[in-house]
Amino acid sequence: MDNMVDEKKVNQVVDKGKGYELPLLLFAGFRALIDRLHAELARQGHPDLRPAHGFAMQAIGPGGATASEVGRRLGVSKQAAGKTVDRLVALGYAARADDPADARRKLIRLTPHGVDALRRSAVVFDELRAEWSERIGAERLDALQDDLSAVIPPEAFRLDAAGWLGGS
């Protein structure tokens, strides 16, 4: 424990079996999937999408949402959500519309371009899962998913990862 950083392996886990290895490996797997997703989305015509945009589009959902609702779902302030929504609107992934139930409110809705990005994301995630299955075997990947499902509580499936990672 004198030197926690191995200069030759600074971006690698070096102590297999240590408690801190698991979150690092889970995060590295998440990051690898998300980075590959965004590289493929860029190739398919969505070069400006960022990981936070995907979380925000999920928070907007199929029925739309207000900026306050997006902020609550993401675990960020209304102002932070508003900035992300502004960017999605500027990029053509979302649009603001009057709320038919309350003229004082504005709803954010996904545009066809936003829906296309989410549909393409689902296809790419299926392809990435297939690659992992080919690499480690379908049974092992299924077991990994089953094991993670057994230890991750249902309330852990939240969209606020972007806010949590950013410290908001």
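Let's start on helix α5, where Arg 120 and Asp 116 both sit, four residues apart, or about one turn of the helix. (Helices are DSSP runs of H or I with at least four residues, strands are runs of E with at least two, and both are numbered from the N terminus.) What you're looking at is a predicted model, so local features need pLDDT of at least 70 and side-chain atom pairs count only at pLDDT 80 or more, while totals for chains, interfaces and linings use all residues. Residues are numbered from 1 along each chain as its sequence is written, and side-chain values use heavy atoms, leaving out hydrogens and water.

Back to our pair: the side chains of Arg 120 and Asp 116 meet in a salt bridge, 2.8 Å from N to O. The term stands for a side-chain nitrogen of Lys or Arg within 4 Å of a carboxyl oxygen of Asp or Glu. Arg 120 is partly exposed at 29% relative accessible area, and Asp 116 is partly exposed too, at 26%. (Buried is under 20%, exposed is over 50%, and partly exposed is in between, with a 1.4 Å probe and protein chains only.)

A search of the whole structure turns up nine salt bridges. One of them joins Arg 129 to Asp 142, with the closest N and O atoms 2.8 Å apart. This pair ties together distant parts of the chain, as Arg 129 is in helix α5 and Asp 142 is in helix α6 (residues 138-151), 13 residues apart. Over in helix α1, Arg 43 and Glu 40 lie three residues apart, again about one turn. Their closest N and O atoms are 2.6 Å apart in a salt bridge, and Arg 43 is exposed, with 62% relative accessible area.

Now for the inside. The largest nonpolar core has 24 residues, and the members touching the most others are Met 57, Ile 60, Val 70, Leu 74, Leu 88 and Tyr 93. Such a core is a set of buried Ala, Val, Leu, Ile, Met, Phe, Trp, Tyr and Cys residues joined through side-chain atoms within 4.5 Å. Helix α2 supplies the largest share of this core, five residues. Take Met 57: leaving aside residues up to four places away in sequence, Met 57 touches Leu 49, Leu 88, Tyr 93, Leu 110, Gly 114, Ala 117 and Leu 118, where contact means heavy atoms within 4.5 Å. In soluble globular proteins, nonpolar side chains tend to be buried together.

Finally, Ile 136 belongs to helix α5, and at 34% relative accessibility Ile 136 counts as partly exposed.
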